[in-house]
Amino acid sequence: KLQMEPSNGIKWVRLPGGTFQMGSNSGASDEKPVHTVTLSAFEIAATEVTVTQYRACVQAGACTAPDTGTYCNWGKSDRDNHPVNCIDWHQATAYAKWVGGRLPTEAEWEYAARSGGRNQEYPWGHQSPTCNYAVFSSGGDGCGQDRTWPVCSKTAGNTSQGLCDMAGNVWEWVSDWKGTYPSGSVTNPTGPSSGSGRVYRGGSWSGNARYVRAAFRGNVGPGSRYNDLGLRPVRSVR
């Protein structure tokens, strides 16, 4: 079910609540222990936030401009439909709030990236990543283009609910501080109450195949701005 808000052009996709196994026994040590997570229903943007979508927030005075530079999409005339990048966690949070949402929790993000909590390694299933499924570093960064691609360029890699680029293109900020996973079952977890790094998920145009796994976790200081890091908002369902 897609809903469009004319003010910001975001397509919201509703994910029903559910229970899934979060984490991985075959990945990095911080992906363990695999634990049971139960989530309430939520809506998530079908695409990573584009330059055009983010610009509307800047023009409204609710967001500050991203950094510019060689690999930053801001200020480049041919990148309107590319994911916005070179924004920090605070800018991502401000944008999500402006569109009536918030950043996803790490658990919500992984649930969405697993096509609604399925036991699969990638948004599209178990097949090894190729440039048919995702924009990552294969045959050169950005599948040989040395940049991001327009959002939804690799529809074969969509989740079963129609979410684009949950693997590759840009990493996506989530709300959680980085911490260790609990061993028991949890409901709607929000992560540690404090920390030094905010989590980002999903792999990017300049990263290799191991980073596009749904369970992979990265983290960096919330004030960091990188050319391979953007966002995708969610909103709670009342």
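Some ground rules. This is a predicted model, where local features need pLDDT of at least 70, side-chain atom pairs count only at pLDDT 80 or more, and totals for chains, interfaces and linings use all residues. Residues are numbered from 1 along each chain as its sequence is written, and side-chain values use heavy atoms, with hydrogens and water left out.

Sheet first. Helices (H or I, at least four residues) and strands (E, at least two) are DSSP runs, numbered from the N terminus. Two strands pair if DSSP finds at least two bridges between them. The sheet is open, has four strands, and runs in the order β9-β8-β6-β10. Its pairing is mixed. β9 and β10 (229–230) are at the edges, each with a single partner strand, so one side of each has no neighbour in the sheet.

Now look at β8, residues 198–201. Three bridges join β8 to β6 (residues 171–177), and the two run antiparallel. W177 stands opposite R198. W173 has Y200 as its bridge partner. Then there is β9, residues 218–220. It pairs with β8 over three bridges, again in the antiparallel sense. Here V199 has N219 as its bridge partner.

What about the faces of β8? In a regular strand, side chains alternate between the two faces of the sheet. In β8, R198 and Y200 lie on one side, V199 and R201 on the other, and all are buried. Buried means under 20% relative accessible area, exposed over 50%, partly exposed in between, with a 1.4 Å probe and protein chains only.

On to the helices. How do α1 (residues 51–59) and α2 (residues 89–98) pack? Their angle is about 85 degrees, and their axes are 10 Å apart. Axes are lines fitted to C-alpha atoms, for helices over the stretch in contact, and angles run from 0 to 180 degrees between N-to-C directions. α1 and α2 are therefore roughly perpendicular (65 to 115 degrees). Q53, Y54, A56 and C57 of α1 meet Q91, Y95 and W98 of α2. Contact means heavy atoms within 4.5 Å.

Last, T47. It is found in the loop between β5 (42–45) and α1. Is T47 buried or exposed? Buried, with a relative accessible area of 18%. Not counting residues up to four places away in sequence, T47 touches Q53, V151, C152 and R232.

Key:
Angles under 35 degrees count as roughly parallel, over 145 as roughly antiparallel, 65 to 115 as roughly perpendicular and the rest as oblique.
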